[in-house]
Amino acid sequence: MHDPRVLLDPTTDAVRKLARRGFHLDVESLEKLLASRNSAIHRGDEARAEAKRTAAAVRSATTEERPALVEQARELKAVVTAAETETRQLEAQLQDVLLGIPNLPADELPDGASDADAEVVRSWGEPTAFDFTPLDHADLGERLGILDLARATKLAGPRFAVLRGKGPALERALARYFLDLAAEHGYLEFSVPTLVNRETMTGTGQLPKFEQDLFKTGVGDRELYLIPTAEVPLTNLHARETLAVEDLPLAYTAHTPCFRSEAGSYGKDTRGLIRMHEFSKVELVRIVDPARSREELEVLLGHAEAVMRGLGLAYRVVKLAAGDIGFSAEFTYDIEVWLPGQQRYREIASASDFGTFQARRAGIRTKAKDGTRGFAATLNSSGMPIGRTLVAVLEQGQQADGSVRIPEALVPYTGFDVLTPD
RNA sequence: GGAAGCGUGGCAGAGCGGCCGAAUGCACUCGCCUUGAAAGCGAGAGACCCGCGAGGGUCCGGGGGUUCGAAUCCCUCCGCUUCCGCCA
């Protein structure tokens, strides 16, 4: 969420920045709304101050003066109540408007609105060359007997997966490897709820605008949302808290299931494990001094890249286009892994700098030694999703005989170094 | 799910319906003292909102009510603790 005064300050250049992501900022109506809210607050404050003085006067008043003062106090109270009602309404309106305004994309991002407009920053590793026609992970998985998508559909519908045998073992190995790397990089591991309340979802920006992307559960009058990523609980751990600047950066990680409705992606990636309603992921979150957020993003990206390099997976890093970054982000790098089955790079992780946007929503405040107060900056990156990494491991590791070579770094976790067809 | 109790500042813990944003202690900040530290002494210090500022307002779990006036009274919701039941 933006500070409306900053947003309306011409030097912020918000209108132009938001236009890059196709959002039209209605400056006039926002200004009007802000001004009327402020004047309602002011009016209420004035009347309340007067009412307090009058109430104090009642006490020392003589019996004759008393009735008139009491009457006056009653009238003032009516004014206060009216101003408060108006303030509440205007405040709610302002909140509605502000919660719907996306973050300002950084100027360094390329123009454009799709992944085709992303700018390649660097590539690592060679797209695997095969002297046979590589299979995609779905075929590989079925042949190896570790993946059963048909039965998953029977259980829950499309976009769910069943893994069997060495499949789940590999999943578990990946998760442990990711978590161990995260620990090496200084991340504190958490185990968090995967079902969270509305406020938490609002803090990181999933709500109110993207309700249709989430799964929701309800029992009686209770409503909880299934997290689409551990970013949500991890970032909100410090919601409505004040953090000492000298304690930053905080680096947190968690391995959780993630649930996404994938509304609006009908027909996309219908095959295999690329786009699931449920998948598991190790997430990395950093809560940092906003003055250092862009440097911290580089650090975070480095940690995510280390995972890919550790597994020996060919990948590239791209800078997303201004119109393609998420609602809450101001800068995003994607890591794209090479998928031989598709003969292209596919997104596997996003590393984003949210500036103070999420912190304002969630109320993650900072206090410096000299007493200066502000909001923290939040960052996050996958580090990595288990399913998509498994896809890459299978596809990049496949061999002519239909077996799959397991990356060396994983062998200590799996206890096997090759997957062979049943 | 049933019963009882409790929710006050970073923590602990006072608080007759007006003099309470709130005693006191600890922790904290700055001075003095000390070779240094501790102790001791002195001073200071809450958060949030509106305002260029002066200043004003809000906040004693949340919401509502009574009253000229509520941390204090009433209702309600939430949370915590203990006991019972149920369960992994």
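Let us begin with an open sheet of three strands, which are ordered 3-5-4 and pair in the antiparallel sense. Strand 3 (195-196) and strand 4 (216-219) are the edge strands, and each has a single partner strand, so one side of each has no neighbour in the sheet. Keep in mind as you explore that this is a predicted model.

How many bridges join strand 3 and strand 5? Two bridges link strand 3 to strand 5 (residues 222-226), and the pairing is antiparallel.

## A threonine in helix 8

Next, look for Thr200, a residue of helix 8 (residues 198-204). Is Thr200 buried or exposed? Its relative accessibility is 16%, and the cut-off for buried is under 20%, so Thr200 counts as buried.

Leaving aside residues up to four places away in sequence, Thr200 touches Val232 and Asn236.

## How the chain divides

Now step back to chain A as a whole. Its domain assignment gives domain 1, covering 26-99, and domain 2, covering 115-419. How far apart do the C-alpha centres of domain 1 and domain 2 lie? The distance between these centres is 49 Å.

The last stop is RNA strand B, which has 18 residues around it; Arg37, Asn38, Asp45, Arg48 and Arg74 come nearest. Of the atoms of RNA strand B that come within 4 Å of the protein, 70% belong to sugar and phosphate. Which helices each supply at least two residues of the surface near RNA strand B? They are helix 3 (27-60) and helix 4 (66-99). Helix 3 gives the largest share of this surface, with 10 residues.

For Arg37, an N or O atom of the side chain is 2.9 Å from a phosphate oxygen of RNA strand B. Arg48 places a polar side-chain atom 2.5 Å from a sugar or linking oxygen of RNA strand B. In the case of Arg59, a polar side-chain atom is 3.3 Å from a base nitrogen of RNA strand B.

Note on methods: Residues are numbered from 1 along each chain as its sequence is written. Chains are lettered from A and ligands numbered from 1 in the order in which they are written. This is a predicted model: local features need pLDDT of at least 70, side-chain atom pairs count only at pLDDT 80 or more; totals for chains, interfaces and linings use all residues. Side-chain values use heavy atoms; hydrogens and water are left out. A residue is near a molecule or strand if one of its heavy atoms lies within 4 Å of it. A polar contact is a pair of N or O atoms within 3.5 Å; within protein, one must be able to donate a hydrogen and the other to accept it, and residues adjacent in sequence count only if both atoms are side-chain atoms. Helices (H or I, at least four residues) and strands (E, at least two) are DSSP runs, numbered from the N terminus. Two strands pair if DSSP finds at least two bridges between them. Buried means under 20% relative accessible area, exposed over 50%, partly exposed in between (1.4 Å probe, protein chains only). Contact means heavy atoms within 4.5 Å. Domain bounds come from an automatic or database domain assignment.
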